[in-house]
Amino acid sequence: MCFVQALQPQCGGVTFQNIECGTSTVEKLGIVNFRHRFNAVELRRCRKSMLKPIMAQDERESSIADDDNRIPKYKGISVNKRNCVKNEPDSSFIDHSAAFSGKNLSNLTTNGNSTNILWHECSIQKLDRQQLLQQKGCVVWVTGLSGSGKSTLACALSRSLHSRGKLTYILDGDNIRHGLNRDLSFRAEDRSENIRRIGEVAKLLADAGVICITSLISPYQKDRDACRALLPKGDFIEVFLDVPLAVCEARDPKGLYKLARAGMIKGFTGIDDPYEPPCSCEIVLHQQKESDCMSPSNAAEKVISYLEKNGYLRA
């Protein structure tokens, strides 16, 4: 058994590493007549012989040499003046060097507080994902007062579409506030930011080819309109659960109306904060009295009928 210091060439310098090896290992390295106390100086003298297999390849690949710098290049590798081996893509690879050459500097943009950013395109686009899923990505935006049945409708719609083999995802207002939007309050400005963030996530899911269903009070018309503007025309489907405040308050499934009436919750929609009904939405589901309550599955079928009619359930 012997120890040798094996040369590890690196760009800009030379390092050595102790290697424990036997005679057979040394022979496999192509280095013969090694003494047990072979030192780094002697090993440096052998560098050229160690690189002979690489230099021999230069003759076979001489058609792609850098004559200006006298640096041999090969398909897959190159050797610089310090005999440092590094990877080099051959001509069959796509050259992305333009991305780092400064040619795209004119395309850098500023968006909000983000500066010097560049949109990166991928060869797989929304149409490709839709073909894979055999559906069209869109956002079904369910809005209405607290207690109007938004979450119930969203789950019924997701379940019915799932049974038809369609991929959906629900963005529920309360669920999102457990994670992504847990830093936001219910003040007017935070409510707007809550809707903005959810709108951006919904846009990404729709771009992925998913039928995204949001279940949110989203009380302000301007915020809903801003989310609509994020998507291509027709891909934002607003569903208004038109249920009177009296009916929602009589249900009060979370006990929030009672707390709001007692003054324990401030800025509660419908009590001391306004709800702005949609001006022109795609689907309106009316319910004037509790006795007129439409079943969740029937309400879901009305939405599915709209999706089928407008081609969202096929690629």
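## Pockets of the predicted model

Helix 8 gives the most to the lining of the second largest pocket, contributing 6 residues. The structure described here is a predicted model.

**Second largest pocket.** This pocket holds about 620 Å³ of space. Its lining consists of 22 residues, and those nearest its centre are W119, E200, K203, L204 and D207. Two or more lining residues come from each of strand 5 (109–111), helix 5 (126–133) and helix 8. By class, the lining of the second largest pocket has 10 nonpolar, 5 polar and 7 charged residues.

**Largest pocket.** About 850 Å³ of space lies in the largest pocket. A set of 40 residues lines the largest pocket, with S146, G147, K150, I217 and K254 nearest its centre. Helix 6 (150–163), helix 7 (173–176), helix 8 (188–207), strand 11 (283–286) and helix 12 (296–309) each supply at least two residues of this lining. Among these elements, helix 6 gives the most, with 4 residues. The lining of the largest pocket comprises 17 nonpolar, 15 polar and 8 charged residues.

Helix 8 is named for both pockets: it supplies at least two residues to the lining of the largest pocket, and 6 residues to that of the second largest pocket.

| Pocket | Volume | Lining |
|---|---|---|
| Largest pocket | about 850 Å³ | 40 residues |
| Second largest pocket | about 620 Å³ | 22 residues |

Terms used:
Residues are numbered from 1 along each chain as its sequence is written. This is a predicted model: local features need pLDDT of at least 70, side-chain atom pairs count only at pLDDT 80 or more; totals for chains, interfaces and linings use all residues. Side-chain values use heavy atoms; hydrogens and water are left out. On a 1 Å grid over the protein atoms alone, a cavity is a set of points where a 1.4 Å probe fits but cannot get out, and a pocket is an open set with protein on both sides within 12 Å along at least five of seven lines; lining residues have an atom within 4 Å of a point. Grid points are joined across faces, edges and corners, and a volume is the space filled by probe spheres set on the points. Ala, Val, Leu, Ile, Met, Phe, Trp, Tyr, Cys and Pro count as nonpolar, Asp, Glu, Lys and Arg as charged, and the others, Gly among them, as polar.
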